[in-house]
Amino acid sequence: MSHSTTTTSTTAARVFSSDNAAGASPEIVEAVVRAASGQASPYGSDDVTAGVRRRLSEIFERDVDVLIVSTGSAANALSLAALTPPWGSVLCHRDSHINNDECGAPEFYTAGAKLVALGGDDAKIDAAELRAAVRHKAGDVHSVEPSVVSVTQATETGAVYTVEEIRALGSLTQEAGLRLHMDGARFAGAVAALGATPAELTWRAGVDLLSFGATKNGTMTAEAIVVFDRSLTAELSFRAKRAGQLASKMRFHAAQLDAYLSDDLWLRNATHANAMAARLQDGLKAVPGVDLLGAAEANILFCRLPRQVTEGLLSDGYAFYHDRWEPGVVRFVASFATAPQDIDDLLDAVRRHSA
């Protein structure tokens, strides 16, 4: 299946393929510049890194440990490695990032644990399927042992698990004696969409480890593993070092997260990205021939476009994924850097090519 690519002639205002295409928030760039002066203790023993842990402890309303890493894939894979033995299984949605887009990193870092893909609408794990999966061949030496459940918040389709849905999955997980990991690559978008507290969406619902996303929402090279079960911290620390994720000049990663968490920048950026997706959704509703596929709960919108519209947008220089899921289906992603005019220009182009 084909999908679009961004060419050198594509302007930033026309890139809707991924929020990874956005730059960095000015506050974060300025924080990195400030961190470049003077000296600081290496390997995460600096004051800025300690400050990030304090900020996240305040945000999550409990004392947490934090491991700063450079990619979301590292955050996910290292977290899962700490939660399952090599003979274990990771129960996840079939559309999850760990199942489709991490080149086997979870299997590699867990030394061979098996990903078991489950179904469910909107890329959310179906509770009934999970109930069966956590018991399937448990204790059978001939099979992998169900060990950890991984949920994505927000999901790959832009849907958001409610607090009640996370609690339900968390209860099933705990009852079966499994651990719960959350891939929060777009966690800020989910918090902004629901108006729930970060604590309600994570540890209070049974989450043991959170991959706290930031790159998609304004940082440059910084992600974090938020550790709610602090008995896992020592193992995660050794795994991070062994994986090359313990940066010597950690303060540059930490400075990004410090600025990201200051003055609720992380929530302001996510709220804006969500609002831009909602603006696009509202505009597309009025265009004949456009079929919206679900609601834009966070910053991702799926729809079905007539072929001439897709081709017209591509010829205009717009970048977005198309035909990747099925013919005619496209995905538009807004970001913290998307301006209202960018959305309006895209809508004008859709209308023009629909005429």
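Buried, in these legends, means under 20% relative accessible area. The model shown here is predicted.

**View 1. Phe60 meets Phe212 edge-to-face.** There are 12 aromatic pairs in the structure, and here is one of them. The ring centres of Phe60 and Phe212 sit 6.2 Å apart, and with the planes at 80° the pair counts as edge-to-face. The two partners come from distant parts of the chain, 152 residues apart. Phe60 belongs to the loop between helix H2 (47-59) and strand S1 (65-69), while Phe212 belongs to strand S6 (residues 209-212). Are these two residues buried or exposed? Both Phe60 and Phe212 are buried.

**View 2. A cluster built from ring pairs.**

**View 3. Phe108 and Tyr109, another edge-to-face pair.** These rings have their centres 5.2 Å apart, and their planes stand at 90°, so this pair is edge-to-face. How exposed are the two partners? Phe108 has a relative accessibility of 64%, so it counts as exposed. Tyr109 comes out at 28%, which makes it partly exposed.

**View 4. Helix H2 packs against helix H11.** H11 covers residues 251-261, and its axis runs 9 Å from that of H2. The angle between the helices is about 35°, and the crossing is left-handed. So who does the touching? On the H2 side, look for Val48, Thr49, Val52, Arg55, Leu56 and Ile59. H11 answers with Ala254, Ala255, Leu257, Asp258 and Leu261. Sort the residues of this contact by type and you get eight nonpolar, one polar and two charged.

**View 5. Thr155 and its surroundings.** Thr155 sits in the loop between strand S4 (145-152) and helix H7 (163-175). Its relative accessible area is 0%, so Thr155 is buried. What does Thr155 touch, once neighbours within four places in sequence are left aside? Its contacts are Asp122, Ala123, Lys124, Tyr161 and Ile300.

**View 6. Arg324 over the ring of Tyr321.** Here's a charge over a ring again: Arg324 lies over the face of Tyr321. The distance from the ring centre is 4.8 Å.

**View 7. Ala111, with a positive phi.** Ala111 isn't a glycine, yet its phi is positive, at about 65°. Where does Ala111 sit? You'll find it in the loop between helix H5 (105-109) and strand S3 (114-118). With a relative accessible area of 57%, Ala111 is exposed.

**View 8. Asp263, also with a positive phi.** For Asp263, phi is near 55°, again a positive value in a residue other than glycine. Asp263 is in the loop that joins H11 and helix H12 (265-285). Its relative accessibility is 67%, and that makes Asp263 exposed.

Methods
Residues numbered from 1 in each chain as written. Predicted model: local features only at pLDDT ≥ 70, side-chain atom pairs only at ≥ 80, totals over all residues. Heavy atoms only, no water. Phe/Tyr/Trp six-rings, centres within 6.5 Å; stacked < 30°, edge-to-face > 60°. Helix = DSSP H or I, 4+ residues; strand = E, 2+ residues; numbered from the N terminus. Buried < 20%, exposed > 50% of the residue type's maximum accessible area, 1.4 Å probe, protein only. Lys NZ or Arg CZ within 6 Å of the ring centre and 35° of its normal. Axes fitted to C-alpha atoms, helices over the stretch in contact; angles between N-to-C directions. Left-handed = near helix turned anticlockwise from the far one by under 90°. Contact = heavy atoms within 4.5 Å. Nonpolar A, V, L, I, M, F, W, Y, C, P; charged D, E, K, R; others polar.
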